[in-house]
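Morning, everyone. Please put the structure up on the screen, and I'll talk you through it.

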Amino acid sequence: MNLFIYPHAPVPVQDSIEGFRDTTPFSADGIARHFNVTDDPAKADLFWMGQYAEQRLWLLHPNRFPHFERWPERHVVDLEGDWRDAAFPEWLKPALIITSNWNTDRHGEGWRIFPRVIMSPLLMRLVRDPPPFEPPKDRKFWFHGQRDPLGVREKVKAALEMSGLPHDFRFNDEWLCYVSDGDARLASYVQAMRDNAFSLCIRGSGQNTCRFYEAAAFGRIPIIVSNHYGFGEPMYKFERIKEDAITQEISSRLERFYLSPSDAMITTRCLEIYEGYFKGMMLPYFADPTAYFLEWARNKNLINF
């Protein structure tokens, strides 16, 4: 398969972070495994535009991609996402879009979007050394994390207090994603995830949260509070609450999540997530993200080579 790489295409930032190399489609290793790089656009099966965070969106302009007009459906771009909640540039609609943290539900029909996994050092350790499945000890709702700029997490906390449901909900004063392995706060975070059935995966500064994928690695039930659809969705269904729901609605939905299933049903659902989503989808993705993306595109008839 031939790949044309634009000379100004930014490489995925993950390739430069220790422990994250080759964790996104079109990483340096992925390109080397799956493509012959060509400088002749007429011979290209795909065109790699590079990876762009929202704060560098100004670099993503059609004038910089002279072959887009002729072969738009063969172009691939990674939109890394951030906290600005920007819309995809409309001119990119014919392209294949890989994204992690952009709002994927605001776009109408016709977009060709592959939501990829958003990562943390903890998640990468869980991927490299998967934990064995253990049933949860409790059916509490848990959340440890920072406040978000839109107040969604505060709203969920208020909904839990309104409902009286058992929960372990704590706000941190700083971002703890990159703390050392021996940090007591990380140990507390992991223990809460292991102990409790329901992981509140509430959007933060960005639309997505790595907590969702970490919870799946332990086989816990993620309750997503966001408008974003993540990796494997909507094919694989998860419990979801819209981020703009009012406090009373969130409280009512959480009560239903808590009261409807039996303990046996909760354990069964946890095992389904561990076996079906974490081991069945996430681990194959991380084994070769570029191959996973190409197979996804073939299965959707977006490419035919």
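Start with D22. D22 is buried, because its relative accessible area is 13% and the cut-off for buried is under 20%. Bear in mind that this is a predicted model. D22 sits in the loop between β1 and α1. Look at its backbone too. Phi of D22 is near 60°, a positive value, and the residue is not a glycine.

Is F26 buried or exposed? Buried, with a relative accessible area of 1%.

One more residue from this stretch. Q14 has its place in the loop between β1 and α1, and α1 itself covers 28–34. Q14 is buried, at a relative accessible area of 5%. What does Q14 touch, leaving aside neighbours within four places in sequence? Its contacts include F20, R21, T23 and T24. Q51, E80, R116 and M119 are on the list too.

Now the sheet. Strands of a sheet pair through backbone hydrogen bonds, parallel or antiparallel. Here, six strands form an open sheet, and the pairing is parallel. Read the order with me: β2-β1-β3-β4-β5-β6. Which strands are at the edges? They are β2, residues 36–37, and β6, residues 112–115. Each of these edge strands pairs on one side only.

Strand β1, residues 2–5, runs parallel to β2, and two bridges join them. For a landmark, find N2: its bridge partner in β2 is N36.

Strand β5, residues 96–99, pairs with β6 in the parallel sense over four bridges. The landmark here is I98, whose bridge partner in β6 is F114.

V77 is found in strand β4, residues 75–79. V77 is buried, with a relative accessible area of 0%. Who are its contacts, not counting residues up to four places away in sequence? W48, M49, G50, Y52 and L60 are among them. For a sense of scale, V77 and I273 are 196 residues apart in sequence, and their C-alpha atoms are 29 Å apart in space.

Now step back to the whole chain. The secondary structure comes to eight helices and 11 strands. The radius of gyration is 20 Å, close to the 19 Å from the globule rule for 305 residues, so the chain is as compact as a globular protein of that length. Along its principal axes, the C-alpha trace spans about 65 × 35 × 35 Å. Of the 305 residues, 56% count as buried.

Contacts next. Of those with a separation of 6 or more, 69% are between residues 24 or more positions apart.

Last, surface and charge. The accessible surface comes to about 13,600 Å², and 51% of that belongs to carbon and sulfur atoms. The chain has 36 positive and 41 negative charges, and their mean positions are 1 Å apart.

Notes:
Residues numbered from 1 in each chain as written. Predicted model: local features only at pLDDT ≥ 70, side-chain atom pairs only at ≥ 80, totals over all residues. Heavy atoms only, no water. Rg over C-alpha atoms; globule rule 2.2 N^0.38 Å. Buried < 20%, exposed > 50% of the residue type's maximum accessible area, 1.4 Å probe, protein only. Contact = heavy atoms within 4.5 Å. Areas by Shrake-Rupley, 256 points an atom, 1.4 Å probe, with all protein chains shown as cover. Lys, Arg positive; Asp, Glu negative; His and termini not counted. Charge placed at Lys NZ, Arg CZ, Asp CG, Glu CD. Pairing = 2+ DSSP bridges.
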